[in-house]
Each structure stands twice: as C-alpha cells, then as structure tokens.
2 protein chains.
Amino acid sequence: MADPLFPRLALIGIGLIGASIALAARRAGVVGEIAIHTRSPATLKRAEELGLGDVYCSTAVEAVKDADCVIVCVPVGACEGVAIEIGPHLKTGAVISDVGSVKAAVIRAMAPHLPPTVHFIPGHPLAGTEHSGPDAGFAELFQNRWTVLTPAPDVDSEAVARFTAFWRALGANVEAMSAEHHDLVLAITSHLPHLIAYNIVGTAADLESGLRSEVLKFSASGFRDFTRIAASDPTMWRDVFLNNKDAVLEMLGRFNEDLALLTRAIRNGDGDTLFDLFTRTRAIRRSIIAIGQDTAAPDFGRRDHKPAE
Amino acid sequence: MADPLFPRLALIGIGLIGASIALAARRAGVVGEIAIHTRSPATLKRAEELGLGDVYCSTAVEAVKDADCVIVCVPVGACEGVAIEIGPHLKTGAVISDVGSVKAAVIRAMAPHLPPTVHFIPGHPLAGTEHSGPDAGFAELFQNRWTVLTPAPDVDSEAVARFTAFWRALGANVEAMSAEHHDLVLAITSHLPHLIAYNIVGTAADLESGLRSEVLKFSASGFRDFTRIAASDPTMWRDVFLNNKDAVLEMLGRFNEDLALLTRAIRNGDGDTLFDLFTRTRAIRRSIIAIGQDTAAPDFGRRDHKPAE
C-alpha cells in the first residue's frame with residue numbers, strides 16, 4: 001500500500017458525518033491510524049462497538065496528539081470550545097478542519113485559538129441524511145457530493161492540495177471558495193429550505209388534533225417530503241441559523257417579498273401570474289437535471305415500486 | 001372472467017392520471033371497453049399509439065355515449081366546460097366522477113349541468129409524479145395510495161359501493177368525506193407545500209446570474225427536493241390555487257404567523273425557540289413513519305446508491 005496521506009487522523013465528534021469520514025477514509029486507505037474522541041462516553045463506546053477507529057480517547061487532547069490531520073465533527077456552536085481545548089496540543093504542520101454548515105462564524109470561533117504552526121482548512125461536505133449519530137454513518141455518503149473548502153488565502157498550498165486529495169479519495173468533488181461566499185450560497189440552497197420545511201411542519205403540528213391526524217394520514221400528497229427535511233438534527237440546525245443569521249435573514253426577506261406577491265395573486269384570482277411562475281420554476285428543475293444534480297426519473301414517493309422505464 | 005364492474009369506461013382527458021387509470025383498470029380487469037377523448041388531437045393520437053384504450057373519440061359526447069362510468073381527468077378549471085358538454089348525453093344510471101385536487105369548487109362547477117339520472121361521485125386520487133401527459137402514466141400509480149371520494153349524502157349507496165370497488169381494484173385505499181373537509185386537509189398536506197416550493201424556487205430563479213448558477217450546482221443540499229415539487233404541471237396547479245383560495249389563504253396565514261416568530265427567533269439569537277421547534281417537527285416525522293406513510297430509510301438524494309442496511 002502507498003503511504004497514507006495522513007498517518008494519523010483524529011476525529012473529534014463521531015455523529016453521522018464523523019462516522020462516515022472514518023468509514024470512507026479507512027476504505028480508501030488514505031489514513032494510517034484513526035483516533036476518535038467524542039464528549040459522550042456512551043457514544044464513544046458505540047463508536048468502538050462499530051469498529052469505526054483504532055484508538056478511542058476519553059479526551060480531545062489525547063486524540064489530537066501526534067495527529068497529522070484533525071477534523072472537528074461537532075455542531076457549529078461547539079467548535080470554539082473544541083478549538084480552545086485542542087489548540088495548544090496540535091502537532092506542528094497538522095491540517096485542522098471542520099465539517100460545519102456555516103463557515104465564517106466557525107472561522108471566527110476557531111482561528112484565534114489555533115497556533116500558527118498548523119494549517120487551518122475549514123470544510124463543509126454537502127452531504128447528509130435526516131438521521132444522526134454514529135450508527136447512521138456509511139462509507140458512500142460523500143460519493144459524488146461536493147465538499148467545499150474555505151482556507152484563507154495565505155494557507156500553505158501543499159497542505160490544501162493534500163487535504164483536497166483526502167476528500168477526493170473519499171469520493172467527493174472538491175471546490176474552494178471564500179467563507180462569506182459559501183455562507184451566502186448555502187443560505188439559499190440549504191438553510192432557507194430547511195427553515196421553511198421546519199416552519200410548515202410546525203404549522204401542521206399546531207393544528208387541531210382531529211385535523212392533524214388526517215394531515216399525517218394524507219401526508220403523501222406533498223407534506224411528507226417536508227417532514228423528512230424537518231427531521232434533521234435539531235442541535236446542528238439551531239447552530240446553523242444562529243451562526244448564519246445575516247445571510248439567512250437576507251434570503252428570507254426575498255422569500256417573503258415573493259410570497260406576498262403570490263398570496264395577492266391567489267386572493268385576486270390572477271391565474272396568469274401563477275401560471276408564469278409555475279412555468280419558470282419548471283425550467284429551473286430542468287437545469288438541475290441537465291447539470292447532473294438529480295435524475296429525471298419520476299418520484300412518486302415509494303422507492304420500492306418504480307414505474308417501468 | 002367475472003363481469004366487469006363497468007362494461008364501458010369513458011375517460012375525458014388522458015394525461016398522467018387518465019392514462020394511469022386506463023392502464024390500471026385494464027390490468028385489474030374491472031372494465032370492458034375503454035373509450036378515450038381528449039381535446040388535443042395530437043394527444044389523442046399519442047394515447048392510441050400507447051394503446052391506452054379501445055376507442056378513441058374526437059368528441060367527449062361520443063366517448064360518454066353508453067358509458068357506465070365517466071371519469072373526467074382534466075384540470076379543475078376545465079371541468080365545468082366538460083360537464084356542460086357531456087351532461088345531456090350521459091347514460092341513465094352512469095357513475096360520473098373526476099380526479100381534481102379540489103372538490104367543493106369542482107362540485108359547484110359540474111353538478112348544475114348533470115342530469116338527476118346519473119350518480120355524481122367526485123374523486124381525488126392522492127397520487128402523481130412531477131411529470132405530465134399520457135406517456136407519464138403507469139398502472140402502479142394508485143397502489144397503496146389514498147383515493148378520496150366526496151359524494152353528496154343523498155347519492156345512491158350501491159353506486160358509491162361499486163365505484164369504491166373500482167378504485168380498490170386499481171390498488172387504492174378509499175375514504176369518503178365531505179368536499180369541504182377534503183379541501184381543508186389538502187390545503188395543508190398538498191396545496192401549501194406546493195405553493196411554498198414554487199415560491200422558494202422562484203426566489204432562486206430571480207437571483208443574480210452568478211449566484212443562481214451556484215445554487216443549481218450545490219442544489220443537493222436541500223433546494224433540489226423543492227425543485228422536484230415545483231416542476232409539477234403549471235395548469236393543474238394554477239387551477240388548484242384559484243379554486244381552493246379560502247382554505248389555502250387560511251393555511252398561508254398560519255404559516256406566515258409561524259414564520260414571523262421563527263424569523264424573530266433567528267434575529268434575536270433565541271436558540272431555545274429554534275431547538276424546541278426542530279424537536280417537535282422531528283416527532284411529526286416519526287408519526288408519519290409509524291402510520292406507514294413513509295419509511296425510515298435515510299434519503300441522501302441518490303436512489304442508485306443506498307447505504308447498507
């Protein structure tokens with residue numbers, strides 16, 4: 001076997017993303033030893049039962065000792081505490097990264113606590129499911145998905161190249177951009193859709209109980225897809241909205257303006273405005289299929305019964 | 001073979017739903033002859049090429065002649081015109097139905113033009129994909145999906161029983177309720193989710209072009225699921241919103257109130273409010289899985305690569 005990209009990888013946090021990195025990195029043969037720490041003793045024990053790593057550490061300091069690459073896989077709001085704890089113990093020349101869904105706030109929280117002798121390359125794998133915890137991880141999670149890296153312009157380019165190779169080995173497509181740009185793009189592609197899904201499911205949850213039970217029963221007509229999105233990890237998403245506030249509020253403002261126009265069109269019986277919008281949105285869907293981000297196969301909600309081709 | 005439930009079935013309109021009814025009814029052996037009419041000669045020709053029926057009629061009057069069951073499968077806004085046209089030519093004792101996503105407005109539009117000698121049993125199969133047209137139809141579409149029937153209380157119970165048996169033979173679960181109740185339930189389970197999806201995709205379509213292309217590129221992070229919903233048939237959905245205005249505006253009002261609270265929580269950095277909502281919505285998801293309306297299998301957006309069980 002060729003020399004691994006990183007002889008020792010440390011994962012701080014071992015939920016869906018951390019566990020998937022462990023499984024994918026092991027399978028790709030790009031790391032030597034995998035050291036795992038997570039705050040909860042029960043979760044650490046579960047990670048060991050699942051055989052996710054080689055060394056299971058009760059402290060983060062112990063996990064990052066001699067590690068050539070450290071990936072912090074905790075909710076955004078917990079990143080600063082981890083940086084404070086591990087900063088003084090990082091190996092010279094190590095790559096340190098994270099997997100948070102917001103980047104500018106994570107950089108503000110972590111960078112001040114990291115020594116100048118390490119290479120800080122913040123990252124965000126655009127992959128996940130609505131499940132969480134180490135049992136939810138699987139090696140294929142990053143396959144053909146984007147991982148966005150947001151290193152500062154002065155970060156060592158060899159370290160960035162090595163960390164890019166690491167993510168590519170895990171199956172990801174890698175793109176670098178500024179943290180601020182990442183946060184704006186994700187606000188509309190991910191954060192706003194999640195917020196809207198949480199909101200509509202919350203509206204349904206508040207219905208009179210008789211009506212609510214029928215909403216569940218007939219949920220296959222559209223609502224169900226929103227409940228899947230709205231089942232994502234509450235801690236993670238709370239932290240996303242608290243830490244990407246400006247971009248989310250900006251996109252929410254645009255969304256509300258558009259919804260006001262749409263509401264007025266319905267109230268006034270203005271079918272042309274509705275038809276024009278519904279035609280434009282269909283074109284967006286075609287663009288997404290054309291660039292390979294989804295397939296044109298119809299989704300009728302039951303993957304066990306597919307229509308014949 | 002046993003006697004068919006309906007010796008002659010007439011389908012007026014042959015899009016996704018009409019074509020699927022033709023294929024499913026033929027497969028189930030519950031009809032003798034299938035007569036098809038649709039307004040567009042090109043679509044009628046396509047239906048014939050696909051072999052969806054036995055008789056292809058250039059007028060609706062010709063199709064409904066001697067039909068024991070007539071199902072009007074056209075957008076809600078076109079139902080009144082069809083009823084005016086076919087009303088005087090319906091066979092005594094025939095069942096007449098539709099497949100519209102709103103029911104009270106369809107009844108107001110159609111009932112005045114139907115003779116007292118027929119059994120009017122409005123229906124709504126809660127099934128579909130984001131595709132439309134006769135090529136999109138398939139026999140399994142209604143399997144294990146709900147079809148809601150909304151006959152008036154005085155409609156002949158034997159006719160309702162026969163039509164219920166017809167839909168069950170097509171694989172559907174059948175439930176009867178009042179048209180008004182149907183429209184309220186669907187406003188929250190289907191109409192509002194579609195409206196919100198159309199709106200958010202429209203917001204993205206209006207972004208500056210550089211940002212918009214990145215939104216498409218990184219759409220897998222949540223946005224993509226909304227584009228699928230927002231690719232549904234524009235004519236059908238325009239008519240839904242025009243014809244279920246009151247219930248949609250009511251649910252939209254509740255949605256907006258909730259979104260205002262959520263927006264304020266983000267602006268004020270109120271993490272507890274966000275966390276509480278995100279936990280409640282997760283419980284709704286569990287209820288939907290518990291009643292069998294979806295599976296707990298994780299969806300990570302690529303049905304060709306499933307994680308190991």
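**Exercise 1. Place the helices on the sheet.**
Which strands does helix H1 of chain A lie across, and at what angle does H1 run to S1(A)?

*Solution.* 
Step 1. Take H1, residues 16-28 of chain A, in this predicted model. H1 lies across S1, S2 and strand S4 (69-72) of chain A.
Step 2. Compare directions. H1 runs at about 165 degrees to S1(A).
Step 3. Move to helix H2 (residues 41-49) of chain A. H2 lies across S2 and S3 of chain A. Its angle to S3(A) is about 180 degrees.

**Exercise 2. Work out the strand order.**
What is the order of the strands in the open sheet of chain A, and why do S3 and S6 each have one side without a neighbour?

*Solution.* 
Step 1. Read across the six strands of chain A: S3-S2-S1-S4-S5-S6, with parallel pairing.
Step 2. Look at the edges. Strand S3 (55-57) and strand S6 (119-120) of chain A stand there, and each has a single partner strand, so one side of each lacks a neighbour in the sheet.
Step 3. Zoom in on one pair. S1 (residues 6-12) and S2 (residues 31-37) of chain A are joined by six bridges in the parallel sense. A:Ile12 has A:His37 in S2(A) as its bridge partner.

**Exercise 3. Describe the domain contact.**
How many residues does each domain of chain A give to the contact between them?

*Solution.* 
Step 1. Domain 1 of chain A covers 6-177 and domain 2 covers 182-290. Domain 1 gives 16 residues to the contact, and domain 2 gives 14 residues.
Step 2. Find the distance. The C-alpha centres of the two domains of chain A lie 31 Å apart.
Step 3. Take the area. About 1,200 Å² is buried between domain 1 and domain 2 of chain A, with 62% from carbon and sulfur atoms. On the domain 1 side, A:Ser101, A:Val102 and A:Glu130 lose the most area, together 43% of what that side buries.
Step 4. Count the polar links. Between these domains of chain A there are zero salt bridges and five residue pairs in polar contact.

**Exercise 4. Describe the chain interface.**
How much area do chain B and chain A bury between them?

*Solution.* 
Step 1. The buried area is about 10,500 Å², 66% of it on carbon and sulfur atoms. B:Phe218, B:Ile266 and B:Phe278 lose the most area in chain B, together 7% of what that side buries.
Step 2. Count residues. Chain B gives 109 residues and chain A gives 109 residues.
Step 3. Six salt bridges cross the interface of chain B and chain A. A:Lys217 forms a salt bridge with B:Glu175, with the closest N and O atoms 2.7 Å apart. There are 28 residue pairs in polar contact between chain B and chain A.
Step 4. Find the main contributor. H7(B) gives the largest share of the side of chain B that touches chain A, 20 residues.

Note on methods:
Residues are numbered from 1 along each chain as its sequence is written. Chains are lettered from A and ligands numbered from 1 in the order in which they are written. This is a predicted model: local features need pLDDT of at least 70, side-chain atom pairs count only at pLDDT 80 or more; totals for chains, interfaces and linings use all residues. Side-chain values use heavy atoms; hydrogens and water are left out. Two strands pair if DSSP finds at least two bridges between them. Helices (H or I, at least four residues) and strands (E, at least two) are DSSP runs, numbered from the N terminus. Contact means heavy atoms within 4.5 Å. Axes are lines fitted to C-alpha atoms, for helices over the stretch in contact, and angles run from 0 to 180 degrees between N-to-C directions. Domain bounds come from an automatic or database domain assignment. Buried area is the accessible area (1.4 Å probe) that two parts lose on being put together, summed over both. A salt bridge is a side-chain nitrogen of Lys or Arg within 4 Å of a carboxyl oxygen of Asp or Glu. A polar contact is a pair of N or O atoms within 3.5 Å; within protein, one must be able to donate a hydrogen and the other to accept it, and residues adjacent in sequence count only if both atoms are side-chain atoms.
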